[in-house]
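Work through the exercises below with the sequence and the 3D view at hand. Try each task before reading its solution.

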Amino acid sequence: MAEEINETESQIMQIIIYAGDAKKHAYDSLRDVNKGNYENADKEMKMAHESLVTAHNAQTSLLQNEARGKKMEITALFVHAQDHLMTSITEINLIEQIVELRKVVNTLLEGKNN
């Protein structure tokens, strides 16, 4: 019989899942802007931020529990979740800047071709 996942493990998994989802949407945004599909690029970036908020909320819940005295075991899975979230935040911030730069470059190039 499989063990049940406790609340803490569930929150850790939410961090991993939603941070990964956020990163995927950011890379999809980059792919779309490279194709000149600005509207979809913006939608993907919005979804990236929404997933990031969900991951961050799960992290905040864990931190609040600890602040209230509910100590938790530091597991490899928890460390992985924290690493995954921080990496996703960094990549999304960078990709967001690249997307905006790409829009400017594309606009300048379109002006030269006219």
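Axes are lines fitted to C-alpha atoms, for helices over the stretch in contact, and angles run from 0 to 180 degrees between N-to-C directions. Helices (H or I, at least four residues) are DSSP runs, numbered from the N terminus. This is a predicted model, where local features need pLDDT of at least 70, side-chain atom pairs count only at pLDDT 80 or more, and totals for chains, interfaces and linings use all residues. Residues are numbered from 1 along each chain as its sequence is written, and side-chain values use heavy atoms, with hydrogens and water left out.

**Exercise 1.** Describe how α1 and α2 pack.

Solution. 
- Step 1: Find helix α1 at residues 7-34 and helix α2 at residues 38-67.
- Step 2: Their axes lie 7 Å apart, at an angle of about 160 degrees.
- Step 3: Therefore α1 is roughly antiparallel to α2 (angles over 145 degrees count as roughly antiparallel, under 35 as roughly parallel).
- Step 4: α1 passes α2 in a left-handed crossing (the near helix is turned anticlockwise from the far one by less than a right angle).
- Step 5: Sort the contact residues of α1 with α2: 16 are nonpolar, 11 polar and five charged. Here Ala, Val, Leu, Ile, Met, Phe, Trp, Tyr, Cys and Pro count as nonpolar, Asp, Glu, Lys and Arg as charged, and the others, Gly among them, as polar.

**Exercise 2.** Is α2 roughly parallel or roughly antiparallel to α3?

Solution. 
- Step 1: Helix α3 covers residues 76-112.
- Step 2: The axes of α2 and α3 cross at roughly 160 degrees and come within 11 Å.
- Step 3: The two helices are therefore roughly antiparallel to each other.
- Step 4: The crossing of α2 and α3 is left-handed.

**Exercise 3.** Now treat α1 and α3 likewise.

Solution. 
- Step 1: The angle is about 15 degrees, and the axes are 8 Å apart.
- Step 2: That makes α1 roughly parallel to α3.
- Step 3: α1 passes α3 in a left-handed crossing.
- Step 4: The contact of α1 with α3 has 18 nonpolar, nine polar and four charged residues.

Notes. Angles under 35 degrees count as roughly parallel, over 145 as roughly antiparallel, 65 to 115 as roughly perpendicular and the rest as oblique.
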